[in-house]
Amino acid sequence: MFKKELFFWITISSGVVILAFILIPLVEMMTAPSMDMLVKTFNDKDVMRSIWLSIYTAGLAALISFIFGTPFAYLLARTDFTGKRLVESIIDLPIVIPHPVVGIAILSVAGKNHWIGQIMSELGIRIMGSVTGIVTVLVFVGLPFYVNAAKNGFESISPRLENVSRSLGASIFGTFFRVTFPLAWRSMLIGIIMCSARAISEFGAVVIVAYHPMIAPVMLYERFEGYGLRYSQPVAMWLVSICLILFLALRVLTLRSKKDI
Amino acid sequence: MIRIQDVNIKLGQFHLRDIELVIKEHEFFILMGPTGAGKTVLLEAIAGLIPVTSGTIALGGRNVTRLPPEKRNVGIVYQDFCLFPHLTVEENITFGVKYHPIDREKARSRFDRLVELLDLSHLLRRLPINLSGGENQRVALARSLMVAPQVLLLDEPLSALDPRFREEIRHGLKELHRNSNITFLMVTHDFAEALSLADRAAVMNDGQIWQTGTVNEIFEKPRSTFVADFVGMKNLFPSSFCDTRACIEGLEIELERQPANSKGYIAIRPEDIVLSRKQLVSSMRNVFTGIIKRITDMGLYYEVAVEINNITFTSIITKRSLFELNLREGLTVNLAFKTTAVHDF
């Protein structure tokens with residue numbers, strides 16, 4: 001133990017500084033709006049619609065990540081191949097790319113000048129200024145979080161458990177649903193939470209692809225630009241509260257079932 | 001019956017080469033070898049968990065080389081048990097039943113028999129995490145036997161256990177083998193396990209099988225220095241043969257019969273060498289006098305190194321005889337062994 005030494009006090013004080021740095025602005029923002037303002041904002045249809053759109057598109061993005069990301073995460077966890085590192089770095093790319101660039105990149109393939117854009121327009125799919133566009137962008141930025149969490153979950157399960165299951169007569173599918181999934185679902189759920197949390201917070205990429213329909217961060221930005229800080233605070237307050245409640249509910253569900261294993 | 005013909009497996013840097021092995025119906029066969037010899041790879045190839053690069057694997061006359069593991073009817077039990085942690089003991093044991101055409105009655109009676117045989121009745125509702133090592137391994141055995149495999153593969157099933165449980169599981173294995181018509185193929189790096197369990201065995205090293213035969217044959221008549229060393233023949237010397245004698249460093253050792261070659265190795269087990277202070281009166285034809293170089297405490301016994309003409313012989317004696325003979329380093333002693341104790345190859 002390094003108790004009472006200088007080093008100990010350095011670690012403690014840096015911890016206090018970091019916590020204060022995170023908490024003071026958040027608490028200030030949450031407590032600044034008056035009750036009256038909060039109620040007014042809650043009854044503002046535009047605000048509630050944008051928050052609902054945010055949650056709905058982020059959830060959809062997480063669902064799509066789950067459907068496509070799960071088999072791929074399993075592949076990455078179970079196999080070794082040349083170029084695996086490269087593939088893993090590609091998965092992480094959306095994390096490091098500046099957000100507006102993501103929006104620009106998506107638009108460049110969705111436009112009329114690109115064959116993908118042409119196919120989509122023939123199918124009647126519109127990216128620019130549509131819910132489809134928002135979801136597309138959110139999947140792009142959220143996918144790495146899901147794939148990585150699910151991959152870690154799969155990696156933590158011994159392949160020997162799957163071997164035993166196969167030797168007992170279960171097919172690959174049977175093994176996945178009876179052994180792998182029950183052991184990995186918690187990691188997958190954490191992946192879904194992280195993916196949707198990331199998606200809900202996206203602003204830069206969405207604002208380029210779809211200013212309307214307005215998701216909550218864009219609405220927040222518009223209120224701030226048009227009316228100032230005081231009018232954007234209640235929106236922020238409601239967005240954060242609703243998200244926190246949702247994520248907390250999910251976490252509680254996972255923690256509760258941790259007891260039985 | 002397991003018939004492995006000319007099997008090669010390439011696995012990254014590792015290469016399993018020209019494996020030929022025939023294991024008879026209902027045999028208890030042991031695959032021995034040091035860590036990294038490729039024993040587990042071979043086992044998993046038989047189970048269908050690792051694809052073979054070339055060659056064929058047949059089980060009971062059926063070529064299974066290209067079959068997926070679930071179609072092979074081969075059970076596997078790992079060293080670390082590999083019980084499904086989210087299922088109770090009972091759910092673990094019955095995991096495979098739904099994939100096999102067994103009627104309810106029969107499954108029930110088989111389950112009851114295994115639970116009784118392996119003494120698991122008080123554990124059925126528990127989760128694996130709350131079991132001891134020995135209990136875990138008993139559940140793993142029951143689980144694999146529940147689907148009545150043709151072949152049971154055991155990957156060092158005893159090595160993760162405390163000595164107390166090891167004895168218990170070893171006994172259980174013997175019992176299970178006797179009470180079934182399943183072929184057992186067990187991997188171990190422990191020669192003592194092989195001696196107490198197996199009918200026949202094979203020694204592997206570096207991706208190849210070095211010797212196959214009855215356990216006694218391997219124990220007494222190794223055909224290579226590697227196998228001799230592996231089975232504990234500590235006295236291993238290169239020598240030339242003339243008539244019925246082996247010559248090493250001017251020392252002439254009487255053999256039982258004349259070897260086929262003029263050059264080779266002789267090997268003597270340390271427990272076959274007798275030490276004495278006085279001139280030994282016995283029928284042993286190889287008697288030499290040497291100086292004790294080193295006495296090593298091995299816990300249950302002592303290892304005594306005796307030097308004769310620059311050759312060091314190793315003998316094993318009990319603590320009691322060490323004291324009775326009053327042996328010390330530097331002392332001159334007589335060393336004797338029978339001609340039948342000398343193995344040449």
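So, where is the place of B:Asp344 in chain B? It sits in strand β20, residues 342–344; strands here are DSSP E runs of at least two residues and helices H or I runs of at least four, numbered from the N terminus.

Quick caveat: this is a predicted model, where local features need pLDDT of at least 70, side-chain atom pairs count only at pLDDT 80 or more, and totals for chains, interfaces and linings use all residues. Residues are numbered from 1 along each chain as written, chains are lettered from A and ligands numbered from 1 in the order written, and side-chain values use heavy atoms, leaving out hydrogens and water.

Back to B:Asp344: it's buried at 13% relative accessible area, where buried is under 20%, exposed over 50%, and partly exposed in between, with a 1.4 Å probe and protein chains only. Beyond four places in sequence, its contacts (heavy atoms within 4.5 Å) include B:Arg257 and B:Tyr265.

Next, the open sheet in chain B. Six strands run in the order β6-β7-β8-β3-β9-β10, with mixed pairing; a pair needs at least two DSSP bridges. β6 (74–77) and β10 (208–214) of chain B are at the edges, each with a single partner, so one side of each has no neighbour in the sheet. β6(B) runs parallel to β7 (residues 151–155) of chain B, joined by four bridges, and B:Val74 stands opposite B:Val151.

Last, cysteines. Over all chains there are zero disulfides, meaning sulfur pairs within 2.5 Å. A:Cys195 has its closest cysteine sulfur 14 Å away, in A:Cys243, so that's too far for a bond. A:Cys195 is buried at 0%, and A:Cys243 is buried at 8%.
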